[in-house]
Amino acid sequence: MISKTPELPKVLEHILSLAVDLNAADLHFIPDVEAQQVLVKARPRDERPLTELARWSWANYKTFCTHLERFCGLRVYQRLPDMAAVSVTLPSGSWAVQLESATNLSLAMRLTPSATQSPLRLDELGLDASDFAEAEHLCTMESGVICLAGSVGDGRDTFINACLLHPEVRRRDCVIIHPWPRVEVPNAEHFVLEGAGWGGDERLELADPALLAQSEALFERFPKVSADKLTRFVRRRAPEVLYLREVHSLEMVELCFEMARRGTLVFTTLHASDATSIPGRFGAMKLEPKALRNVQLVCRAQRRLARLCPHCRQPQALSPASLKAMGLPEDQDGFAPHRAVGCEQCNEGHKGWVLVQETHRPERRVLERALSVNNFRRLRPQALKDGLRTLRQHALERVANAEISMIEAMMKTPPR
Ligand SMILES: [Zn+2]
């Protein structure tokens, strides 16, 4: 799965070492055709503005780009002494040829942090006050099943790891079972789940060599649990808090509910578009209604959206017609959307990210009935009637606060 590429050119390796010293999140190559030189800048991970690392002559940049040709369309990664891996994603196309004619050949590279980086806390996730309170509530639950829906890149693992760092959770005995652990949560006991036959999206995630390289060290270090012994292992170990990543079989779902009934607080994830679709996924796995007895189920869906850069965002006037086209009331007093612009301190108008979420706590009787007749169509209308704040509504709240752009909210959250 890892495609080891030939060594990167020395000049790139030098720049990467400087970037590592700076704890950079990404590297930018900004050509200035008039001056016939290229500025090499790095963005420190703490979101300080871009820092200049070097100025190259045009000739040097051309040589550099010619070397890059060999890696075009690939994700290249290189082990460095103080970093597990550096991932370089290059656009395809002939760089050497383009350099002759084009005027703006800027290039950016993402530097993936090492596996020794610690997980983020809840207060580092960009949650707003309401979501922070919601997360704190989840962390203080005695027992139950907390299931996070989303897709790769929605930050579900990041969110759950942050919950596991919460003082209320940390004081309890916690076990994490994950096919590819990427961070180590202090105070938790980690296991690697082997032979789980993971789903399609997960494979996509693993196909990223940088992520894979980060996980390798942890993967080797943590003890293994085989998929066919999972149930027996968890029953015997009986932790107070369990994080079982990605339930995709009836056995795993039943295990989550069984442990919750016995007093464990279970965190898990699955692929679903919104919170009210989660019970339907359980139904598709043929979960018996009786499995839900005496278990509190919390269904959460979340999306990770790009945060607008506060330095360059601009107010955006939206006509009543376009508001209507987006399904919003035409009269939007006090609603001041902003759009992305782009400046020296951000990435095309964006800097960091925010989470938006919806949380559904299905009533047990409603859920049991849905499972027994295998019909989940009424769950969402009922939840909306009961006051569910949807992903879209939460996103629009953050548009109103000028934290994200309207286009980001519309493109990344389902309409209702
Ligand atoms: Zn900016």
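# Guided tour from the helix 9 and helix 10 pair

Begin by selecting helix 9 (residues 230–237) and helix 10 (residues 250–261), which pack at an angle of about 10° with their axes 10 Å apart. Helix 9 is therefore roughly parallel to helix 10, a label given to angles under 35 degrees, whereas angles over 145 count as roughly antiparallel, 65 to 115 as roughly perpendicular and the rest as oblique. Show next the side chains at the contact: Leu 230, Thr 231 and Val 234 from helix 9, and Glu 251, Leu 255 and Met 259 from helix 10. These contact residues divide into four nonpolar, one polar and one charged. Here Ala, Val, Leu, Ile, Met, Phe, Trp, Tyr, Cys and Pro count as nonpolar, Asp, Glu, Lys and Arg as charged, and the others, Gly among them, as polar.

The model is a predicted one, in which local features need pLDDT of at least 70 and side-chain atom pairs count only at pLDDT 80 or more, while totals for chains, interfaces and linings use all residues. Residues are numbered from 1 along each chain as its sequence is written.

Some terms are needed for the tour. Helices (H or I, at least four residues) and strands (E, at least two) are DSSP runs, numbered from the N terminus. Two strands pair if DSSP finds at least two bridges between them. Axes are lines fitted to C-alpha atoms, for helices over the stretch in contact, and angles run from 0 to 180 degrees between N-to-C directions. Two residues are in contact if their C-beta atoms, placed from the backbone, lie within 7 Å. A residue is buried if 20 or more other C-beta atoms lie within 10 Å of its own, exposed if 12 or fewer, and partly exposed in between, again with C-beta atoms placed from the backbone.

Keep helix 10 selected and colour its buried residues: Met 252, Val 253, Leu 255, Cys 256, Phe 257, Met 259 and Ala 260. Their cover includes strand 7, helix 9, strand 11, strand 12 and helix 11 (278–284). The end C-alpha atoms of helix 10 are 16 Å apart, which agrees with the 16 Å that its 12 residues should span at 1.5 Å a residue; the expected span is 1.5 Å times one less than the number of residues. Following helix 10 is Gly 263, with a positive phi near 110°.

Then select Ala 238, in the loop between helix 9 and strand 11. Although not a glycine, Ala 238 has a positive phi of about 40°. Ala 238 counts as partly exposed because it has 13 C-beta neighbours inside 10 Å. Move on to Glu 246, in the loop between strand 11 and helix 10. Glu 246 also is not a glycine, and has a positive phi of about 60°. With 20 C-beta neighbours inside 10 Å, Glu 246 counts as buried.

Select the open sheet of eight strands, whose order is 10-9-8-11-12-7-13-16 with mixed pairing. Strand 10 (224–226) and strand 16 (350–360) stand at its edges; each has a single partner strand, so one side of each is left without a neighbour in the sheet. On average, neighbouring strands of this sheet are turned by 25° against each other, direction ignored.

Within the sheet, select strand 8 (residues 174–178), which runs parallel to strand 11 (residues 241–244) and is joined to it by four bridges. Cys 174 stands opposite Val 241 in strand 11. Five bridges join strand 8 to strand 9, also in parallel, and Val 175 stands opposite Glu 189 in strand 9. In a regular strand the side chains alternate between the two faces of the sheet. Both faces of strand 8 are covered, with Cys 174, Ile 176 and His 178 buried on one side and Val 175 and Ile 177 on the other.

Helix 15 (residues 391–400) lies across strand 13 and strand 16, running at about 140° to strand 16.

## Further stops

Select Ser 130 in helix 4 (residues 129–139). Ser 130 and His 394 are 264 residues apart in sequence and 9.8 Å apart in space, C-alpha to C-alpha.

Finally, select strand 1 (residues 24–32) and strand 2 (residues 37–44), an antiparallel pair with eight bridges. Asp 26 has Arg 43 of strand 2 as its bridge partner. Strand 2 also pairs in the antiparallel sense with strand 3 (residues 51–57), over six bridges, and Ala 42 stands opposite Thr 51 in strand 3.
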